[in-house]
Amino acid sequence: MEQLIRKIIEEFTTAYNHSTDTGWEKPLVAFASANDPLFARLRELVSPTHEMPHDFLPEARTVITYFVPFKNRVIESNKKGYFSSRTWAVAYIETNKLIADLNRHLQDMLLGQGYRAVFVPAVHNFNQETLLSDWSHRSAAYIAGLGTFGLNRMLITVKGCCGRIGTLITDLELPPTPRFQKELCLYMADGSCGRCAKKCVNQALRENNFDKQKCYNLCLENAERLKDLESIIDVCGKCLAGVPCSAKIPAGENI
Ligand code: B12
Ligand code: SF4
Ligand code: SF4
């Protein structure tokens, strides 16, 4: 089943590539046990109301997590300038749609095999004042071993951090993926790099602080400029594009 789920995620994304402008690299997939004690820690780290896998599905056994990496063309488009590129914004819309459709497809497949599955939308599931979600996709993906956190607060995977994360909770039991034993972010590993903080165009991200309200304000400014596109496109991503961890592990192959 593990291989089947990986294959479905890869094939669905490849097929979807043909009907979009964005196009993605091959997705990465990792599984966490729904009973992993790190989920309970999210009530201290994120918020006391953070949901547990069993809140969505009482019989939950596994959290399926995946990362859909952007193509280089999308990353390159957002490297320069103050405002988010249109290509990056379109990638945001199309990847959210891909994740929603892929989650439904996986859910149907699991239901067809006699299992249950529930999922949380990839975006806009957060409190507009606290800027907190009760289901942190990147924390679930970290617990599943998909990557480690960067100074830019993104989850860095073996295909970098430019891309989006989807998660699905199921009662199918799958073997948990081993977590990385090293920090993938150079700053987290040895205090070097810090390129993302220098790239932040709104002084929201610094080495010792992240002002998420400031970040959100710029995302909303971009949304205003991109309002001819179909939905609210609160994007920016300047601290992700054109940095050593954009599309690969920054330290190279020695991890
Ligand atoms: C609210 C939100 C925002 C807010 C607030 C951001 C923030 N950092 O808190 C605003 C609007 C500002 C925002 C901006 C952006 N966002 Co946003 N956002 C979200 C959302 C909806 C919820 C995040 C949340 O609850 N944050 C609260 C904090 C406390 O939790 P967290 O950041 O998820 O996780 C942290 C802790 O768990 C912690 N942690 C620390 N120690 C430990 C130890 C353990 C054991 C664990 C488990 C966790 C942990 O580290 C994590 C990262 O700092 C998620 C989708 C989702 N539901 O998860 C997307 C999401 C985080 N956003 C994403 C992206 C891409 C962006 C932008 C680049 C915008 C864009 N698309 O152009 C910017 C980047 C800003 C930045 N540098 O962080 C992606 C991240 C992809 C990735 N590779 O990690 C997500 C996951 C959406 C998705 N489905 O892919 N975002
Ligand atoms: S740019 Fe450098 S410091 Fe920032 S997250 Fe990437 S590796 Fe870490
Ligand atoms: S998303 Fe934009 S405003 Fe937010 S931290 Fe990154 S560069 Fe700064």
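Is Thr170 buried or exposed in this predicted model? Thr170 counts as buried, because its relative accessibility is 0%.

**View 1. Thr170 and its surroundings.** Thr170 belongs to strand S6, which covers residues 163–170. A polar atom of the Thr170 side chain lies 3.0 Å from the backbone nitrogen of Leu172, so look for this pair because Thr170 itself is buried at 0% relative accessibility. Beyond its neighbours within four places in sequence, Thr170 is in contact with Leu57, Ala60, Arg61, Thr62, Ile64, Leu110, Tyr115, Arg116 and Ala117.

**View 2. The largest nonpolar core.** In soluble globular proteins, nonpolar side chains tend to be buried together. Here the largest such core holds 51 residues, and Ile5 and Ile64 have the most contacts inside it. Two or more residues come from each of these elements: helix H1 (2–17), strand S1 (28–33), strand S2 (62–69), helix H4 (72–77), helix H5 (86–112) and helix H8 (195–199). H5 gives the most, with 12 residues. A second, separate core has 21 residues, among them Ala32, Leu57, Leu155 and Ile169.

**View 3. Ile5 and helix H1.** Leaving aside neighbours within four places in sequence, Ile5 is in contact with Phe31, Ile64, Leu106, Met109, Leu110, Leu172 and Leu174. Ile5 is one of the buried residues of H1, along with Arg6, Ile8, Ile9, Phe12, Thr13, Tyr16 and Asn17. What do the buried residues of H1 pack against? Their packing partners are S1, S2 and H5. The length of H1 can be checked too: with 16 residues at 1.5 Å a residue, H1 should span 22 Å, and its end C-alpha atoms are 23 Å apart, which agrees.

**View 4. Leu28 in strand S1.** Leu28 lies in strand S1 and counts as buried because its relative accessibility is 16%, under the 20% cut-off. Find Val68 as well: 40 residues separate Leu28 and Val68 in sequence, yet their C-alpha atoms are 6.8 Å apart in space. Apart from neighbours within four places in sequence, Leu28 is in contact with Thr65, Tyr66, Phe67, Leu146, Thr157, Val158 and Lys159.

**View 5. The shell around ligand 1.** Which residues come nearest to ligand 1? Of the 38 residues around ligand 1, these are Ser136, His137, Ser139, Leu155 and Ile165. A polar side-chain atom of Ser136 lies 2.6 Å from an oxygen atom of ligand 1. For His137, a backbone N or O atom lies 2.8 Å from an oxygen atom of ligand 1, and for Cys236, a backbone N or O atom lies 2.9 Å from an oxygen atom of ligand 1. Helix H2 (37–45), H5, helix H6 (137–143), S6 and helix H9 (212–225) each give two or more residues to the shell. H6 provides the largest share, five residues. By class, the shell around ligand 1 has 26 nonpolar, eight polar and four charged residues.

**View 6. The shell around ligand 3.** Around ligand 3 you will find Cys200, Val201, Leu205, Phe210, Cys215, Leu218, Cys236, Gly237, Lys238 and Cys239. Eight residues of this shell are nonpolar, one is polar and one is charged.

Technical notes
Residues numbered from 1 in each chain as written. Chains lettered and ligands numbered in written order. Predicted model: local features only at pLDDT ≥ 70, side-chain atom pairs only at ≥ 80, totals over all residues. Heavy atoms only, no water. Near = heavy atom within 4 Å. Nonpolar A, V, L, I, M, F, W, Y, C, P; charged D, E, K, R; others polar. Helix = DSSP H or I, 4+ residues; strand = E, 2+ residues; numbered from the N terminus. Buried < 20%, exposed > 50% of the residue type's maximum accessible area, 1.4 Å probe, protein only. Polar contact = N/O pair within 3.5 Å; in protein donor to acceptor, adjacent residues only side chain to side chain. Contact = heavy atoms within 4.5 Å. Core = buried A, V, L, I, M, F, W, Y, C linked by side-chain atoms within 4.5 Å. Expected span 1.5 Å × (residues − 1).
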